[in-house]
Amino acid sequence: MLATAGVLARVGALARVGALANGGLRTAIGPLATAGPLAAGVATAAGAEVVVTGRLVAVPAEQSRPPPLALSDLDGVSQTLEAHQGGVVVINFWATWCTPCVLEMPSLQQMRQRIGADRVSVLAVNYGEALPRIRDFVARMDLDFPVLVDAFHFARRDWRVTALPTSWVVDRSGRLRFRVAGEVDWLDPGVFARLDALARGRPGRPGSGSAG
């Protein structure tokens, strides 16, 4: 299970499943869920071709240079990818209205806590929603990692995000290692082991294999 009964109760109060249009993305629940064992759904750009796996997919070595990331958090403080490097960084693109995004949040937070916040950073990039809505969500979910606001969708463009949730994993040397489109259980043994190995400095070659 991706969430406890208590978390699911909070999720039910925060998100609604349906064809909710929002900023060019829509929730897509049902057929896409069969694309991967953990993908309960994904919000996709209309007409976009998205492979929804719910798995960590290795990034080829020749594509492992990350684009820039510099956004303000909920306190108006600028956060950059570079400032969090030295450990593993998970960049998670999400929205409060995206049910799969909400469902994976608890395991994302627990993964970070178990591996260690000093070894894994999470940067949750919100899809440009209103600050009061985001703050209310963060308080209700009791999130303890930085939440950034992509107000003009520049980060979504730079990071080639066509589905929510989408996550990227950056290793300790600052290279892109994995991408995942769709909901993922960050406590799944295969996923957790791969991230823990990266955090301990025992990764395989960029572009080798997948997990989950």
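**Burial, helix packing and backbone features of the predicted model**

Cysteine 98 counts as buried, since its relative accessibility is 0%, and the cut-off for burial is under 20%. The structure described here is a predicted model. Cysteine 101 is buried as well, with a relative accessible area of 1%. A disulfide joins cysteine 98 to cysteine 101, with an S to S distance of 2.3 Å. This pair counts as a disulfide because the sulfur atoms have to lie within 2.5 Å. A disulfide is a covalent bond between the sulfur atoms of two cysteines. The link of cysteine 98 and cysteine 101 is right-handed, with 80° about the S-S bond. The count for the model comes to one disulfide.

The protein contains five helices and 13 strands. It has 212 residues, of which 52% count as buried. Among contacts with a separation of 6 or more, 68% come from residues 24 or more positions apart.

Helix α2 covers residues 99–115, and helix α5 covers residues 189–199. Two packed helices are described by the angle between their axes and the distance between the axes. For α2 and α5, the angle is about 40° and the axes are 11 Å apart. That angle makes α2 oblique to α5, because angles under 35 degrees would count as roughly parallel and those of 65 to 115 as roughly perpendicular. The crossing of α2 and α5 is right-handed. On the α2 side, the contact is made by Met111, Arg114 and Ile115. On the α5 side, the contributing residues are Phe192, Leu195, Asp196 and Ala199.

Glutamine 113 also belongs to α2. Glutamine 113 counts as partly exposed, because its relative accessibility is 44% and this class lies between under 20% and over 50%. Glutamine 113 and aspartate 144 are 31 residues apart along the chain, and their C-alpha atoms are separated by 9.4 Å.

Helix α3 consists of residues 131–141, and in this helix Ile134, Phe137, Val138 and Met141 are buried. Viewed down the axis of α3, the buried residues fall within an arc of 95°, so they line one face of the helix. The spacing of such residues can be related to helix geometry. An α-helix has 3.6 residues a turn, so residues three or four places apart point the same way. Pro132 and Ala139 are exposed on the other side of α3. Just after α3, aspartate 142 adopts a positive phi of about 55°.

Valine 125 is placed in strand β8, which spans residues 120–126. Valine 125 counts as buried because its relative accessible area is 0%. Not counting residues up to four places away in sequence, valine 125 touches Leu69, Leu71, Ile91, Asn92, Phe93, Trp94, Leu148 and Asp150. Valine 125 and threonine 166 are 41 residues apart in sequence, and the C-alpha to C-alpha distance between them is 9.9 Å.

Several backbone features were found in loops. Histidine 153 lies in the loop between β9 (147–149) and α4 (154–158). Histidine 153 is not a glycine, yet its phi is positive, at about 60°. The relative accessible area of histidine 153 is 21%, which means that this residue is partly exposed. Arginine 160 is found in the loop between α4 and β10. Arginine 160 is likewise not a glycine and has a positive phi of about 55°. With a relative accessible area of 47%, arginine 160 is partly exposed.

Proline 165 is placed in the loop between β10 (163–164) and β11 (166–170). The peptide bond that runs from leucine 164 to proline 165 is cis, and its omega is near -5°.

Glycine 201 lies in the loop between α5 and β13 (210–211). Glycine 201 is partly exposed, with a relative accessible area of 38%. The C-alpha atoms of glycine 201 and serine 173 are separated by 9.3 Å, while the two residues are 28 residues apart along the chain.

Definitions and conventions. Residues are numbered from 1 along each chain as its sequence is written. This is a predicted model: local features need pLDDT of at least 70, side-chain atom pairs count only at pLDDT 80 or more; totals for chains, interfaces and linings use all residues. Side-chain values use heavy atoms; hydrogens and water are left out. Buried means under 20% relative accessible area, exposed over 50%, partly exposed in between (1.4 Å probe, protein chains only). Helices (H or I, at least four residues) and strands (E, at least two) are DSSP runs, numbered from the N terminus. The arc is that of the directions from the helix axis to the C-beta atoms. Axes are lines fitted to C-alpha atoms, for helices over the stretch in contact, and angles run from 0 to 180 degrees between N-to-C directions. Angles under 35 degrees count as roughly parallel, over 145 as roughly antiparallel, 65 to 115 as roughly perpendicular and the rest as oblique. A crossing is left-handed if the near helix is turned anticlockwise from the far one by less than a right angle, and right-handed if clockwise. Contact means heavy atoms within 4.5 Å.
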